[in-house]
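Hello,

Here is the structure I promised to pass on.

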Amino acid sequence: KQFQVPAPPRFLQKVIRPPPRPPTPSVETPSEEDEKRELAVIFLQQLLRGRAIQNMMQEGKEKRMELIDELRSTEALQSEEEKTNKELKKKARGIQRKQRMMQHKEDLASEMLEGMGGRNVGQMADFLSKELVRLQEEQRIHAFALLAERKRRMREAEESGKRQVEERRRFEEDEIWRQMCNCHQEPWRRT
C-alpha cells in the first residue's frame, strides 16, 4: 500500500483580512484665551463688513438723491390717482354686486315661476292622461255592455221562440187531448 496525501476540502477558502486602519487624527484643542480672541476677530470682521456696506449704501443714496426725489414726487401723484382709482373701483364693484344680486333674484323668481308652470303643466298632462285612460276604459266597458245586451236579447229571442214553439206544441197537445177526451166521452153521453 502506498501512502496518499489527503486532498484539501473542496469548500475551504482562505479568508483575507483587510489591513488595519490608520489611527484617527486629533486636533489640539486651543486654549480658552485663543478661542475668545478668534471669536472677537470674527465679530470685528462682521462689524467692519456691515459698516462698509452701510457706507456704500449711503454714498449711492447721496449720488442718486435727485432720482429718489423724483420718484417720491411721482409716487405722491400716483398715490392720489390710485386712491381715486381705488374709490372708483370700489363703487364699480358695489354697483356690479348689486346688479348681480338683482340678476340672481330675477333668476330665482323666473326659476320658481317656470318650476310652478312646469309643475302645473305636468299635473295637467298627468290628469289628462289619466282621464284619457278612464275614458278608454269607459268606452271598452260600454262596448262590452252593448255586446252583453245584444247576446241577452238574442238569447231572449231564442228562448221566446222556443217558448212559443213549446206553447204551440202544448196547445196542440192539449187540443189533441181534449179532442181525444171528447171523442171518448161522446159515446157515453149519447146513451
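**Salt bridges in the predicted model**

Arg153 is exposed, with a relative accessible area of 54% (buried means under 20%, exposed over 50%, partly exposed in between, with a 1.4 Å probe and protein chains only). Its partner is Glu149: the two form a salt bridge, with the closest N and O atoms 3.5 Å apart. A salt bridge here is a side-chain nitrogen of Lys or Arg within 4 Å of a carboxyl oxygen of Asp or Glu. Glu149 is partly exposed at 27% relative accessibility. Both residues sit in helix H2 (residues 65-190), 4 residues apart, so about one helical turn separates them. Helices are DSSP runs of H or I, at least four residues, numbered from the N terminus.

This is a predicted model: local features need pLDDT of at least 70, side-chain atom pairs count only at pLDDT 80 or more, and totals for chains, interfaces and linings use all residues. Residues are numbered from 1 along each chain as its sequence is written, and side-chain values use heavy atoms, leaving out hydrogens and water.

The pair is part of a network: salt bridges link Glu149, Arg152, Arg153 and Glu156.

Helix H2 also holds Glu175 and Arg178, 3 residues apart. Their side chains meet in a salt bridge at 2.8 Å, N to O. Glu175 is partly exposed at 26%, and Arg178 is partly exposed at 42%.

Helix H1 (residues 32-63) has Arg37 and Asp34, about one helical turn apart. They form a salt bridge at 3.6 Å between the closest N and O atoms.

In total, the structure holds 11 salt bridges.

Best wishes

Technical notes: Helix = DSSP H or I, 4+ residues; strand = E, 2+ residues; numbered from the N terminus.
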